[in-house]
Structures are given as C-alpha cells and as structure tokens.
There are 2 protein chains.
Amino acid sequence: MAAGFRYPQFCALARAAEVVGERWTLLIVRELVLGPRRFSDLRERLDGLSASVLTERLARLEAGGLVARRALDRPASGVVYELTEAGRALEPALFALLRWGTGLLLPLRPRERVEGDWLRLALTACARRGPSPARTFLLRIRAGRAEVILRVVGGPGGTAVTEGFESAEATLTADPATILGLIAGGLSPRAALRDRRVEVTGETDALEVFPTLFDVTEPRG
Amino acid sequence: MAAGFRYPQFCALARAAEVVGERWTLLIVRELVLGPRRFSDLRERLDGLSASVLTERLARLEAGGLVARRALDRPASGVVYELTEAGRALEPALFALLRWGTGLLLPLRPRERVEGDWLRLALTACARRGPSPARTFLLRIRAGRAEVILRVVGGPGGTAVTEGFESAEATLTADPATILGLIAGGLSPRAALRDRRVEVTGETDALEVFPTLFDVTEPRG
DNA sequence: CCGCATCCGTTTCGATACTG
DNA sequence: CAGTATCGAAACGGATGCGG
C-alpha cells in the first residue's frame with residue numbers, strides 16, 4: 001500500500017492525518033476508547049463500514065502501534081482489539097474534536113443511530129474545566145430502547161461525568177436530543193419542562209443549574 | 001452528494017468527521033489558520049490536491065460556516081478564503097492533533113516538503129502548558145532555501161512560541177529535523193553539537209535547557 | 001459464529017487540459 | 001487568477017465464500 005505517504009509534508013498535522021485521517025478510522029478509535037472490542041462488535045456499531053475496510057484500518061492502526069490484538073481467554077474464543085498506551089495518547093485530540101463536534105450535533109437527523117456511550121463522550125468532552133456549581137446530578141437518558149445512567153458532578157476543579165447509580169440531589173430523565181438541547185442547543189429549561197421533554201425529581205432548581213456545568217462551543221459562528 | 005450524511009450516527013465525533021474528516025480538509029484549515037489565502041496559494045502549498053477537490057472542500061467548509069470568501073480590495077483583485085469565528089473554534093482540536101502528530105514527525109522522509117510555518121505550528125502545539133524555565137531563545141531554522149526565525153520564551157505560565165527577531169539569551173541555528181530531534185526524537189544536545197547539526201550562540205547551557213520547554217507525546221507506545 | 005479474503009459495481013480522487 | 005471539464009486510477013460498500 002504505502003498509503004502511509006499520502007501527504008509528502010514534514011508537518012505534524014499531515015502525519016496525524018495519515019494515521020487517523022481516513023474514513024472510519026477516528027470512529028474506530030472512538031469505539032476502542034470505550035474498551036476492548038471484537039471485530040464483529042466494531043462492525044455492529046459502525047453501520048456501513050465493510051469488513052474489508054475494517055480489516056485494513058485495524059491493520060494500519062496496529063502497524064502504527066495504536067491498537068493491539070489480544071487473544072481472548074477461554075472459554076470465550078476469539079480476538080479483541082484494544083488501544084495501546086500510544087493509542088490512548090490520542091484521547092486529548094479526540095476529546096477536543098468531540099467538544100467541537102458537540103456544537104454540530106443538533107438536530108437529530110432521521111434514521112440516525114443513537115448510543116448512550118456516544119452521548120457520554122460528548123458530555124465528558126464538554127464538561128467544564130473551570131469551577132462549576134458544586135451539585136450532583138443523575139441523568140437517565142433514553143437512547144432507543146435502552147437507558148443510560150450517568151452521574152454529573154460539579155465542583156471547584158470542574159465538572160466530572162462518570163457512570164454510576166449512586167443517588168444525587170436531582171435526577172433528570174430525558175432523551176439525548178433534549179439533554180444536548182439544554183447544554184448546547186438553546187433549549188431553555190422552562191420550555192423543556194413545559195413540553196414534558198424532561199422530567200426532574202429532587203431539587204427543583206436543578207434544571208436551571210444543569211447547563212452551567214458544561215461548556216459548548218457555539219456552532220455556525 | 002449529500003455527503004454531509006456520511007455517518008448516520010448521533011455522535012459528536014461523527015459530526016466533526018463529516019465536516020473536517022475528508023482528505024485534505026484539515027490541511028486546508030491548517031493553511032487558513034496561518035492567515036487568509038487565495039485559491040492558488042492553497043494549491044501551491046498542498047501538492048497533489050487537485051483544483052476540483054479544492055473547490056469542493058472550500059465549498060463545503062463555506063457551507064459549514066467555517067470559512068468565508070472575501071473579495072480582495074483593489075488594486076489586488078481576486079478572492080481570499082479565511083476562517084470565520086466558528087472556524088477558529090476548531091483550533092483547540094487542531095492543536096491537539098498537531099501535538100500528537102509531532103511525535104510521528106521524525107524521520108524526515110525523502111522528497112518531503114518542509115515549511116517553517118508548519119514547524120512553528122508543531123512547536124506551538126508542543127509548548128509546555130505548565131511552568132517552564134524562564135529563558136528566551138531565538139531559533140533560526142533553515143527550511144529549504146528559506147529561513148524562519150522564531151522566539152521561544154519560557155516562564156511560570158508556560159512556554160510561548162512567537163514570531164520575532166528581538167534578541168535573546170541564546171540563538172539556536174539548525175534545520176527542522178534537528179530541532180524536532182532535540183525536543184521529540186531523542187537527539188541529545190551533546191550529539192547534535194558534536195555532529196554540527198546545531199549552532200549555539202549566547203548562553204552555553206542553552207541547548208541543554210531548550211528541550212525542557214516542550215512536551216511531546218512519545219510515539220509508538 | 002468469528003475474522004478475514006475476494007469479487008464487483010459505484011463513488012471519489014488525481015492529473016491534465018481548458019475557460020471566463 | 002479562479003475555477004470547470006474530463007477521464008483513468010484508486011478507494012469504498014455490499015455480497016459471498018472459507019477456514020478455524
């Protein structure tokens with residue numbers, strides 16, 4: 001192939017683009033950031049990605065040292081792919097892209113796949129780095145038929161988004177587009193409540209505070 | 001057409017990839033981060049990029065609100081492309097990718113184009129965010145037949161890389177691969193001096209300190 | 001089933017030539 | 001200077017097959 005020489009430029013961005021700039025590659029890395037995955041797991045998540053292209057992408061990522069193959073212990077047979085240390089070094093760039101892309105998320109388009117993991121990544125990327133209100137939220141997000149639960153905790157060191165079920169001051173139940181609308185899409189808490197797009201239990205002012213725990217770049221300048 | 005719907009996923013990374021994930025697009029943005037550019041300027045910098053693809057990429061970036069066309073004032077006729085506010089919002093992600101890609105820069109490959117601007121971007125991306133030695137360096141970098149001069153200033157708030165000729169405690173003269181080798185490639189100052197790949201004037205210990213002003217992710221975990 | 005290789009019709013890219 | 005037009009080459013998506 002020698003496609004590693006796609007851009008003959010002594011430039012760091014061109015080098016990065018040669019490794020992760022092809023179609024699907026960043027989305028494969030995204031899935032592996034969520035944990036080790038099998039070939040078929042990746043195919044299932046990435047509709048439209050053909051087996052041959054996935055094979056090629058994984059081979060390139062492995063050759064670049066970002067991904068490692070690991071044989072699964074018995075009784076589960078097979079192979080999983082996982083990020084190496086070098087692969088995880090990509091996370092800052094990936095989160096920076098997630099943060100920028102969050103501003104482009106809305107509207108939810110027809111026939112678009114929705115996964116709780118992906119929303120969690122977006123919320124993590126947009127979590128405030130600076131001081132945010134010291135409040136604790138539980139998010140119940142209905143994505144398709146599944147439900148994802150996230151804990152969002154503000155504090156002087158910034159906002160943290162984690163998985164977990166521990167109780168919180170307030171619980172917000174909504175679908176992904178509503179959550180995104182609240183923090184990035186100009187959906188006012190008042191309007192969301194009126195249209196019953198969100199349900200709040202616990203502290204009554206929680207919904208007003210919630211968006212201030214995040215920081216989203218505005219789209220379409 | 002309708003390539004705006006390349007990935008049918010409600011995911012921030014997929015949205016970002018739809019806008020800037022195609023071949024050449026990030027490199028076009030890189031050039032525009034350096035300032036407004038004409039169509040022909042971009043073509044000149046991006047060898048291998050055909051006029052038709054550049055036309056399409058610029059149209060898409062403009063449609064996405066990242067880039068604006070501006071008619072040039074007389075007497076210079078023509079059009080320039082420049083980043084909008086929304087386009088500049090991509091800079092954090094671009095610099096994160098630059099930082100990661102810097103670890104992949106070496107070795108300099110045969111027939112590879114070298115531009116001072118690109119090295120400046122890499123050094124800026126790798127400048128330490130945390131406290132770095134309060135020293136001032138002037139870098140004279142020979143890129144092809146041209147010469148680029150950069151000022152590198154350390155301090156408690158981090159390292160700053162700027163353009164400028166003001167005098168400094170020490171001046172380092174070298175080619176881009178040597179500069180990169182010093183901060184990212186395991187080229188020891190001692191070896192660089194011995195092989196006359198770098199020339200130092202001013203403070204004699206400058207070369208030892210210089211690499212500590214930068215922070216490069218190690219490649220190939 | 002899982003991980004891939006192969007084949008094939010379609011899309012996208014790259015090089016060159018041409019136009020207002 | 002700023003693009004269009006054209007055309008062969010490469011990449012991609014979908015289907016199928018095959019060994020473990």
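Ala, Val, Leu, Ile, Met, Phe, Trp, Tyr, Cys and Pro count here as nonpolar, Asp, Glu, Lys and Arg as charged, and the others, Gly among them, as polar. This is a predicted model, in which local features need pLDDT of at least 70 and side-chain atom pairs count only at pLDDT 80 or more, while totals for chains, interfaces and linings use all residues. Residues are numbered from 1 along each chain as its sequence is written, and chains are lettered from A and ligands numbered from 1 in the order in which they are written.

An automatic or database assignment sets the domain bounds. Domain 1 of chain A covers 12-89 and domain 2 covers 96-213. Their centres, taken over C-alpha atoms, lie 28 Å apart.

Of the 221 residues of chain A, 39% are buried. Buried means that 20 or more other C-beta atoms, placed from the backbone, lie within 10 Å of the residue's own; 12 or fewer make it exposed, and in between it is partly exposed. Two residues are in contact if their C-beta atoms lie within 7 Å. Among chain A contacts between residues at least 6 apart in sequence, 61% join residues at least 24 apart.

A rotation of 180° with 0.0 Å of shift along its axis superposes chain A on chain B, with an RMSD of 0.0 Å. That is the relation of a two-fold axis.

In the interface, 50 residues of chain A contact 50 residues of chain B. On the chain A side, α1 (12-20), α2 (25-33), α5 (85-88), α6 (91-102) and α7 (116-126) each give two or more residues. α6(A) gives the most, with 9 residues. By class, this side has 33 nonpolar, 8 polar and 9 charged residues. The copies meet through the same surface, because 100% of the interface residues of chain A are also interface residues in chain B.

Look next at the packing. The largest nonpolar core has 133 residues, and Leu13(A), Ala122(A), Leu13(B) and Ala122(B) have the most contacts inside it. Such a core is a set of buried Ala, Val, Leu, Ile, Met, Phe, Trp, Tyr and Cys residues joined through C-beta atoms within 7 Å. Beyond its neighbours within four places in sequence, Leu13(A) contacts Leu26(B), Leu27(B), Arg30(B), Leu94(B), Leu97(B), Leu98(B) and Gly101(B). In α2(A), the buried residues include Leu27(A), Ile28(A) and Arg30(A). Gly35(A) follows α2(A), with a positive phi near 135°.

Finally, turn to the DNA. A residue is near a strand if its C-beta atom lies within 6 Å of it. Around DNA strand C there are 18 residues, and Arg38(A), Phe39(A), Ser40(A), Ser52(A) and Ser50(B) come nearest. α3 (39-45) and α4 (51-63) of chain A, with α4 (51-63) of chain B, each supply at least two residues of this surface. α4(A) gives the most, with 4 residues. The classes are 8 nonpolar, 7 polar and 3 charged.

DNA strand D is surrounded by 17 residues, the closest being Ser50(A), Arg38(B), Ser40(B), Ala51(B) and Gly78(B). Here α4 of chain A and α3 (39-45) and α4 of chain B give two or more residues. The surface near DNA strand D has 7 nonpolar, 7 polar and 3 charged residues.

Terms used:
Least-squares fit on C-alpha atoms with pLDDT ≥ 70 in both.
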